[in-house]
Amino acid sequence: MNTPIQPKAAWLKKIKWDEHGLVPVIAQEAGSNDVLMFAWMNREALAKTVELGEAVYWSRSRKKLWHKGEESGHTQKVLEIRLDCDEDVVLLKIEQAGGIACHTGRHSCFFQKFEGDAQEGDWQNTDPVLKDPADIYKDGK
């Protein structure tokens with residue numbers, strides 16, 4: 001019988017959680033090494049990620065667990081989990097279903113690139129929308 005991993009497991013105690021019980025998480029695509037997104041996890045989200053083998057984050061706006069791809073189908077299969085040297089940032093090496101990680105319909109959330117100088121520079125969208133968010137989500141975001 002598969003017993004769910006308890007959020008009090010010893011391996012979770014090594015992580016330096018912030019004052020809200022969260023840790024920042026970077027999702028990196030295993031094949032390309034592209035950084036696809038940044039999110040947060042609490043103990044339960046990280047334990048659920050390990051249990052399912054798919055990324056589960058903590059949604060700060062909705063105040064609940066968020067299984068990546070639960071609405072869009074763009075799940076993240078977790079191949080590897082790493083902890084940084086300060087033990088306060090988690091890195092997920094993932095396979096991104098559908099090639100879309102961002103709610104804007106792009107491959108990566110990091111599609112805005114700064115170009116120019118300090119006086120005249122601005123952010124430019126550099127990556128195409130692969131699928132219209134209205135076609136992905138019921139509410140368009």
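Q: What makes Arg 82 partly exposed?
A: A friendly reminder as we start: this is a predicted model. Arg 82 has a relative accessible area of 48%. Buried means under 20% and exposed means over 50%, so Arg 82, at 48%, counts as partly exposed.

Q: Why is the pair Glu 80 and Arg 82 called a salt bridge?
A: The closest N and O atoms of Glu 80 and Arg 82 are 2.3 Å apart. The cut-off is a side-chain nitrogen of Lys or Arg within 4 Å of a carboxyl oxygen of Asp or Glu, and therefore this pair qualifies. Glu 80 is partly exposed too, with a relative accessible area of 32%.

Q: How do you know that Arg 62 forms a salt bridge with Glu 70?
A: Their closest N and O atoms are 3.9 Å apart. Because the limit is within 4 Å, Arg 62 and Glu 70 count as a salt bridge. Arg 62 has 41% relative accessibility and Glu 70 has a relative accessible area of 41%, so each is partly exposed.

Q: What separates Glu 51 and Lys 48 along helix α2?
A: They are three residues apart in helix α2 (residues 43-52), which means they are separated by about one helical turn. Glu 51 is partly exposed at 35%, and Lys 48 is partly exposed at 32%.

Q: How many salt bridges does the structure hold?
A: The structure holds four salt bridges. The protein chain has 19 positive and 23 negative side chains. Side chains of opposite charge can pair when their charged atoms come close.

Q: Why does Arg 106 have no salt bridge?
A: The nearest side chain of opposite charge, Asp 127, is 6.4 Å away. A salt bridge needs a distance within 4 Å, so Arg 106 has none.

Q: Which elements make up the protein chain?
A: The protein chain has three helices and eight strands. From the N terminus on, they run α-β-β-α-β-β-β-β-β-β-α. Of its 141 residues, 34% count as buried, the label that goes with under 20% relative accessible area.

Notes. Residues numbered from 1 in each chain as written. Predicted model: local features only at pLDDT ≥ 70, side-chain atom pairs only at ≥ 80, totals over all residues. Heavy atoms only, no water. Buried < 20%, exposed > 50% of the residue type's maximum accessible area, 1.4 Å probe, protein only. Lys, Arg positive; Asp, Glu negative; His and termini not counted. Helix = DSSP H or I, 4+ residues; strand = E, 2+ residues; numbered from the N terminus. Charge placed at Lys NZ, Arg CZ, Asp CG, Glu CD.
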